[in-house]
Amino acid sequence: MNPLPLGLGALLRALLPHEFGDDVVTELEERYADPRLTGRVGAALWLAREVAMTPFLGVRRQAWRLRARGVRRPEGVTGQVGGWAKGRLSAGLMIALRSLRKRPGFAMVAILTLVASVGASTLIFSLFEGVLLRPLPSPDEDRLHFVYGTNPASEGSENGETVSFDGVTGDMIELWRTSIPEIESLAGYFTFEGRWADGLAPALSASGAFITPGYFETLALQPSLGRFPTDKELKSADGVIVISERLWSSRYGRDPEILGRTVSIGTTVFEIVGVAPAALKLPRESSDWWAPIGAELAELAGAAALYEAVVRLTTSADARSGTPAAAAPWTCAYTPAS
Amino acid sequence: MPDHAHLTDLEQLLLLAVLRCEDEAYGANLQADIEHEADRHVSLGSIHMTLARLEERGLASSRKSAPQASRGGKARRIYRVTEEGRATLEWNRHVMNRMWDGVPAEGRP
């Protein structure tokens with residue numbers, strides 16, 4: 001599968017509704033790599049045609065949403081949905097382009113002024129936001145590290161080389177947590193994407209993580225609303241869930257009554273007990289929920305390397321030393337989580 | 001059937017293509033089927049947008065397939081027609097048939 005050229009994939013993802021933008025781009029990438037498209041020129045022509053025929057214009061998207069909300073087009077306007085809005089936009093665009101073409105000097109000055117002012121505004125806001133507004137995502141962030149396992153004695157090692165493993169097992173997490181003094185807290189998680197059903201339309205596919213006890217304690221964050229599950233709830237899989245601030249905003253309009261609402265992922269029902277702060281972007285920036293792994297999955301994950309893991313070291317630990325005290329047969333190694 | 005059960009020609013083509021493709025009803029397959037059988041090119045964006053709208057109306061549903069090696073481990077979105085979708089499709093065919101029934105014989109193609 002080839003990525004689309006010229007950042008087209010990212011552009012399409014941004015322009016198309018999120019419900020299916022990713023599906024469209026993935027299928028375009030798959031077809032773009034199809035050798036039957038007779039070489040680079042054939043593939044480029046096919047792609048250009050696809051993009052030209054894609055109804056990704058914002059007005060189209062807007063018209064669709066307006067219609068979904070029951071908003072009618074103005075009286076006397078006929079044609080396809082979105083046609084009236086698109087017609088007005090394209091007419092205005094044509095007038096603007098003609099004016100610019102007639103006065104190229106003025107057009108150049110206007111464009112350069114716009115570019116310079118937008119750039120300057122962006123730069124100033126970025127500095128302001130980065131230095132003053134953005135809160136530290138987690139206190140003592142330099143103590144947070146990702147954990148992975150190494151096993152010098154593994155069968156896969158040759159000539160005494162150390163073999164590294166990205167995934168860790170539940171047993172490894174438990175072993176390291178209890179036997180390595182440098183570790184203040186340690187938690188595992190694995191990503192999962194499932195159909196999010198809450199009685200609202202449209203249904204969506206939401207990405208999130210199943211987590212082990214100690215997850216929120218390790219990250220040392222405070223919820224934006226409600227609370228985080230207790231370790232007891234995380235161990236017993238009491239059916240509680242924390243949602244992201246993004247999902248809370250986009251899906252529920254930041255409704256403060258969201259707590260106690262039930263949702264389901266697949267066939268499992270959860271009760272929303274809290275909203276995570278926007279700074280929580282682990283495991284992914286797109287993560288929208290965090291739920292207990294549950295006893296059954298935890299047992300399964302005991303010996304299977306399903307987890308990724310994050311650790312908070314004690315202040316005395318020298319994180320850069322890489323490998324702390326061994327906890328045979330697995331040795332634990334760190335990489336900074338920043 | 002109420003008024004809102006009317007389907008556009010693209011919606012009908014897509015629902016029929018989904019029925020025809022059965023378990024392989026994903027965007028690129030539907031595109032190929034419509035191109036081959038109806039001699040009409042519909043972009044992948046239009047296909048997914050229209051099917052999303054049909055999903056909103058409860059006439060279609062979708063699920064993610066198992067991850068596909070050919071697409072870098074990503075899953076495909078597989079569509080299916082709901083019972084309501086099939087009934088709506090049948091109703092639209094019935095309407096067209098009824099309209100054709102009223103056309104004098106010489107007006108028929």
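I took helices (H or I, at least four residues) and strands (E, at least two) as DSSP runs, numbered from the N terminus. On that basis I recorded eleven helices and eleven strands in chain A.

I noted that the model is predicted, that local features need pLDDT of at least 70 and side-chain atom pairs pLDDT 80 or more, and that totals for chains, interfaces and linings use all residues. Residues are numbered from 1 along each chain as its sequence is written, and side-chain values use heavy atoms, without hydrogens and water.

I counted a contact as heavy atoms within 4.5 Å. Of the contacts in chain A with a separation of 6 or more, 68% join residues 24 or more positions apart.

Helix pair. I looked up helix α1 (residues 8-15) of chain A and helix α2 (residues 21-32) of chain A, whose axes come within 8 Å and cross at roughly 155°. That makes α1(A) roughly antiparallel to α2(A) (angles over 145 degrees). The contact uses Gly9(A), Leu12(A) and Arg13(A) of α1(A), and Gly21(A), Asp22(A), Val25(A), Thr26(A) and Leu28(A) of α2(A).

Core. I defined a nonpolar core as buried Ala, Val, Leu, Ile, Met, Phe, Trp, Tyr and Cys residues joined through side-chain atoms within 4.5 Å. The largest has 31 residues, and Trp176(A), Trp196(A) and Ile241(A) are among those with the most contacts inside it. Strand β3 (residues 183-197) of chain A gives the most to this core, with four residues. I also listed the neighbours of Ile241(A), including Trp196(A), Phe270(A) and Trp289(A), not counting residues up to four places away in sequence.

Definitions and conventions. Chains are lettered from A and ligands numbered from 1 in the order in which they are written. Axes are lines fitted to C-alpha atoms, for helices over the stretch in contact, and angles run from 0 to 180 degrees between N-to-C directions. Angles under 35 degrees count as roughly parallel, over 145 as roughly antiparallel, 65 to 115 as roughly perpendicular and the rest as oblique. Buried means under 20% relative accessible area, exposed over 50%, partly exposed in between (1.4 Å probe, protein chains only).
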